[in-house]
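This briefing covers the nonpolar cores, the sheet and the helices packed on it. The sequence and structure come first, and the notes follow by topic.

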Amino acid sequence: MSGYERGTDGPKVIVAGVDGSESSLRAASYAAGLARRQNALLALVYVQPLITAGAALGAPVAGTTEEIAEGLVADIRESTERVKEIWRVRWEFHTFRGDAYAGLVAAADELKADAVVVGASESAGHRFVGSVAVRLVKAGRWPVTVVP
């Protein structure tokens, strides 16, 4: 049993996954409104993908990958700062590494999330199987809201 109780008085920590996509920014907006109404902390989480060894073969990418990643994180953070209602709530921006699902699970665990909000996948292949949202719901560990 963890050291905190979930679901008794509404969420106190809401994790919203952001990746710069339109659906993730809509999810951040929705989560900001929810956080404002619940007087909860909004934790905006970007999961930075890990580059596989195969993708890096033959190219000196170590330094450039970090620079690109930092630029992307800055862009995502800047776009989330323009989200409607963001300045009306307590919020934090976090970056985790890994695949989107594992990163959001790690974030939700570490931040002791009471709820998780994500955008619907904009990838056609994910509409039926394997989306991060579906995997989070199946994990059954937090209420999950999927914003179209």
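In this predicted model, F93 touches V18, L44, Y46, V73, I76, R77 and T80, leaving aside residues up to four places away in sequence. F93 also belongs to the largest nonpolar core, where it is listed with the residues that touch the most other members.

**Nonpolar cores**
- The largest nonpolar core holds 23 residues, and those touching the most other members are I14, V18, L42, L44, W91, F93 and V117.
- At least two residues of this core come from each of β1 (13–17), α1 (22–38), β2 (41–48), α2 (62–81) and β3 (91–97), and α1 gives the most, with 7 residues.
- Another core, of 18 residues, lies apart from the largest one and has F96, L104, L136 and W142 among its members.

**The sheet**
- Five strands form an open sheet in the order β3-β2-β1-β4-β5, and their pairing is parallel.
- β3 and β5 (144–147) are the edge strands, each pairing on one side only, while the twist from one strand to the next averages 25°.
- Within this sheet, β1 pairs with β4 (residues 115–119) in the parallel sense over 3 bridges, and A16 stands opposite V117 in β4.

**Helices on the sheet**
- α1 lies across β1, β2, β4 and β5, and runs at about 150° to β4.
- α4 (residues 132–139) also packs on the sheet, where it touches β4 and β5, and its direction makes about 165° with that of β5.

Terms used. Residues are numbered from 1 along each chain as its sequence is written. This is a predicted model: local features need pLDDT of at least 70, side-chain atom pairs count only at pLDDT 80 or more; totals for chains, interfaces and linings use all residues. Side-chain values use heavy atoms; hydrogens and water are left out. A nonpolar core is a set of buried Ala, Val, Leu, Ile, Met, Phe, Trp, Tyr and Cys residues joined through side-chain atoms within 4.5 Å. Buried means under 20% relative accessible area, exposed over 50%, partly exposed in between (1.4 Å probe, protein chains only). Helices (H or I, at least four residues) and strands (E, at least two) are DSSP runs, numbered from the N terminus. Contact means heavy atoms within 4.5 Å. Two strands pair if DSSP finds at least two bridges between them. Axes are lines fitted to C-alpha atoms, for helices over the stretch in contact, and angles run from 0 to 180 degrees between N-to-C directions.
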